[in-house]
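This briefing goes through a structure in short points, grouped by topic. Keep the sequence and the 3D view at hand while reading.

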Protein chains: 2
Amino acid sequence: MTSDPLAFEFFNEIGIIDQLIGTMLTNALPTGMTKAQFTVLNHFVRLGLTEKSPADLASAFQVRRPTITSTLARMENAGLVSIRADPRDARGKLVSLTPAGRDMRERCITALGSIAPALEPIIADAEMQAVLPTLRKLRVGLDKLRD
Amino acid sequence: MTSDPLAFEFFNEIGIIDQLIGTMLTNALPTGMTKAQFTVLNHFVRLGLTEKSPADLASAFQVRRPTITSTLARMENAGLVSIRADPRDARGKLVSLTPAGRDMRERCITALGSIAPALEPIIADAEMQAVLPTLRKLRVGLDKLRD
DNA sequence: TGATTAAAGTTAGATATCTAACTATATGAA
DNA sequence: TTCATATAGTTAGATATCTAACTTTAATCA
């Protein structure tokens, strides 16, 4: 990694970009909303899901189970999702969006749209498109390396 | 952002890559060491620094002041850095590496070197090199957008 | 069938990071 | 010189994330 300064710099840039974007997004989002919570809301709407288990969500977002437990607990508390026992598997639970969750997702989309103009001068779509395949490949490769 | 699904996917890939790499690095590092702490150690050694203020470190790593306060407190506690009052400015402090900090940095470098082979099949140096200018530009642009 | 192994969630304890608010010190302008 | 503003650090309180360990229930297999 430092015997390979290139990789070092590469992942360092990625880390800083993620951090800066993360803060920017969080600030743009409605009060109390976070990237992680928006990701959950958006996942349900984008894929047209009705119910999904916490374990499935964890695996979809590449985070560990305790992370999802924690995020879902906050979202349930905020009335954004509803969680019930899985009638077919007493170990499991099923998560679904509440109407408030759907509304919040819409508000987030609007809020995020408003910061897009600030990003445009920094990086063109064509450039993102050019880089995306590499990022995808890297993400898939790293994911396979886990466990 | 969702009106611009491209940017959305782009930053999403970056976030997942950062998270997966972060976990991988943390696991490879000596017990107790983290990416953030290694970054501090490495910064001093790479740049041949003797002393630097917490504020300078925060700005070098693009994190807020309280973040550095917290990380340095742990590192001082672990004997990796030493912190003294700035004799020229009573508000400030000066941070330096201890011998143990230097040793730890060496151990980290060795540990990180051992995971490089796992990364090689996933992404070639040439590809990282091809993408790096875009990442750098994006990082610089996002950084300018702050405050 | 009974015992072992696997899977889903949770809890506990850490670290990193952020914003807001506060203290202390320095700078600058009137 | 004095008051207003800016800077350095810290503290408090949140969220996200991880690993380790534990409980409950399911699945497998001998």
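Predicted model: local features only at pLDDT ≥ 70, side-chain atom pairs only at ≥ 80, totals over all residues.

In chain B, the loop between helix H3 (54-61) and helix H4 (65-77) holds B:Gln62.

**A loop residue with positive phi**

- Most residues other than glycine have a negative phi.
- B:Gln62 is not a glycine, yet its phi is positive, at about 55 degrees.
- B:Gln62 has 17 other C-beta atoms within 10 Å and therefore counts as partly exposed, since a buried residue would need 20 or more and an exposed one 12 or fewer.
- In chain A, A:Gln62 sits in the loop between helix H3 (54-61) and helix H4 (65-77).
- The phi of A:Gln62 is near 55 degrees, which is a positive value in a residue other than glycine.
- A:Gln62 is partly exposed because 17 other C-beta atoms lie within 10 Å.

**The fold of chain A**

- Seven helices and two strands make up the elements of chain A.
- Read from the N terminus, the order of these elements is α-α-α-α-β-β-α-α-α.
- The C-alpha trace of chain A spans about 50 × 40 × 25 Å along its principal axes.
- Chain A has 147 residues, and 27% of them count as buried.
- Taking the contacts in chain A between residues at least 6 apart in sequence, 49% join residues at least 24 apart.

**How the two copies are related**

- Two copies of a chain are related by a rotation about an axis and a shift along it.
- Chain B is superposed on chain A by a rotation of 180 degrees with 0.0 Å of shift along the axis, and the RMSD is 0.0 Å.
- The two copies are therefore related as by a two-fold rotation axis.
- Both copies use the same surface, as 100% of the contact residues of chain B recur in chain A.

**The contact between the chains**

- Chain B brings 46 residues to the contact and chain A brings 46 residues.
- On the side of chain B that touches chain A, at least two residues each come from helix H1 (5-28), helix H5 (99-113), helix H6 (116-119) and helix H7 (125-145) of chain B.
- H7(B) gives the most to this side, with 16 residues.
- By residue type, the side of chain B that touches chain A has 26 nonpolar, nine polar and 11 charged residues.

How values were computed: Residues numbered from 1 in each chain as written. Chains lettered and ligands numbered in written order. Helix = DSSP H or I, 4+ residues; strand = E, 2+ residues; numbered from the N terminus. Contact = placed C-beta atoms within 7 Å. Least-squares fit on C-alpha atoms with pLDDT ≥ 70 in both. Nonpolar A, V, L, I, M, F, W, Y, C, P; charged D, E, K, R; others polar.
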